Each structure stands twice: as structure tokens, then as C-alpha cells.
Amino acid sequence: MRVLLIEDDPGLRAIVAKILEEASYQVDVAETGDDGLYFAESAVYDVLIVDIMLPGLNGIELVKQLRLQQIFVPVLFLTARGDVDDRVVGLNAGADDYLAKPFATEELLARLRALLRRNRDVGADMTVKSGYLVLNPAAKEAVYEDTPLVLTDKEFDLLEYLLLHQGEILTRERISYRLWGHDAETSESTVDLYIHYVRKKLKPFDLDKRIRTIRNVGYIWSES
């Protein structure tokens, strides 16, 4: 499971990251709200742990922006603020749970497990669509009308990302971060290769031309 931890306190950030890594989570960290937003937009995470009081973009505004972009990754707010008003504002912004500092290690891990279980239950009924093309992210299944598409996991992730951002130009760098993460050593040619793979799988349904190349920039999923 992959977690993005957005926390500006270096001591707490190191402690929480260590707790998560020892619990077998893969952890990326960001120190500011702006960096956290960029990471969350660019890569696929199972859950976000976000401090409300961040330099620059605060945690509440960060989550609002993610929800406006239809990014519904579960969010756990981690903050020193523990009063009712702050909890209500955070949850209304789109967060899924709230944990006030100081906290026990077991409580943090229990909250994360609960969020992940809840997200799996909800995700089982969620689909991504473009016309008669339907993707089921929970099952990693893609169907056009009644015909299944045989896709590898990475091909599915790429197609899902394109469909989630229909009509939006996605740079090669952004696609690379989304599919392989910030530390992966992938080149632009790797992204181009996987675009080729996905187009090949879509060609029998005359959908390959929906993925348009934006020269020197990236790709866009077009409705027509």
C-alpha cells in the first residue's frame, strides 16, 4: 500500500514515515501543501495523511482541490488542532477521518486500515466511463460494450488515468509520475511505449485515435 505523508514538521514527519515503513507501507513525503498537491496529482496513492497547518497551501485547501479534480483518494487529517470546529471544517472539505496530535501508533495504523477497507468497499461499485468503454478500477477490468479488453496492470492504469482526465492534456512527465512514482527512473520513451501498447489494445474497437498526441508535450483522451 502506498501512502503520501504531507507534514511540515521534520521530526514528526520522520517518526510517522518510520512507523508506516515498519508497517510495510510504501511512503512518499512532502513538506508543503503545494508539493503535496503536486505529488497527489501525479502519482497513485492508497491513502493521504495530511497536516492541516501547512506552509503555502494549507491541508484543507489541498483536499478541496483534489476533490474538485475528482481525485477521491482517502484522506486522514493529522493535526495539533483537536476542537470540533476544525474537525467539521476538515471533514466538510472532503477528508475521510481526523486524528489529533499527540496520537498512539496503534491508533494511527488502525485508522489507516479502516480507511483502506472502506475505500475498497466503495471502490467495488465505482467505474470510469467514456462512451461504451467502461473501466472497473477495483477489479482492474475494462470492457467495451460486452467485449473485455486484455490489459496489463500498467496499461490499465494508463488508460484509467487518461479517462479520468478526459479533454485534459497530460504531459509525459505527469504520466510517468502517476504510473511509476517520483523516484522511478523512467524516460519519456517509456511513456510513449505504453501509449503504443494501449492504442494497440484499443484499435480493434476503433478507439485508438481517442488518444491524441500533443507534439512535444504529451497526450490527451479525446471524446471524438
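Helices (H or I, at least four residues) and strands (E, at least two) are DSSP runs, numbered from the N terminus. Keep that in mind as we go, along with the residue numbering, which starts from 1 along each chain as its sequence is written. What you're looking at is a predicted model, where local features need pLDDT of at least 70, side-chain atom pairs count only at pLDDT 80 or more, and totals for chains, interfaces and linings use all residues, while side-chain values use heavy atoms, with hydrogens and water left out.

So what is pLDDT? It's the predictor's confidence in each residue, from 0 to 100. The protein chain has a mean of 87, with 92% of its residues at 70 or more. Confidence is lowest in helix H4 (residues 84-92), with a mean of 69, and highest in strand E11 (residues 211-214), at 96.

Now zoom out. The chain splits into domain 1 (2-118) and domain 2 (128-221), with bounds that come from an automatic or database domain assignment. Their centres, taken over C-alpha atoms, sit 28 Å apart. Where they touch, 11 residues of domain 1 are in contact with 7 residues of domain 2, contact meaning heavy atoms within 4.5 Å. About 830 Å² is buried between the two domains, and carbon and sulfur atoms give 47% of that. Buried area here is the accessible area (1.4 Å probe) that two parts lose on being put together, summed over both. On the domain 1 side, helix H2 (residues 33-42) gives the most, with 5 residues.

What about salt bridges? The term covers a side-chain nitrogen of Lys or Arg within 4 Å of a carboxyl oxygen of Asp or Glu. Side chains of opposite charge can pair when their charged atoms come close. Across the interface of domain 1 and domain 2 there are 0, but the whole structure has 13. One of them joins the side chains of Glu7 and Lys101 (3.4 Å, N to O). That pair links distant parts of the chain, 94 residues apart: Glu7 is in the loop between strand E1 (2-6) and helix H1 (10-22), and Lys101 is in the loop between E5 and H5.

Stay at Lys101 for a moment. The peptide bond from Lys101 to Pro102 is cis, with omega near -10°. Pro102 is found in the loop between strand E5 (97-100) and helix H5 (105-123). Most residues other than glycine have a negative phi, and most peptide bonds are trans. Asp206, in the loop between helix H8 (188-202) and E11, has a positive phi, near 60°.
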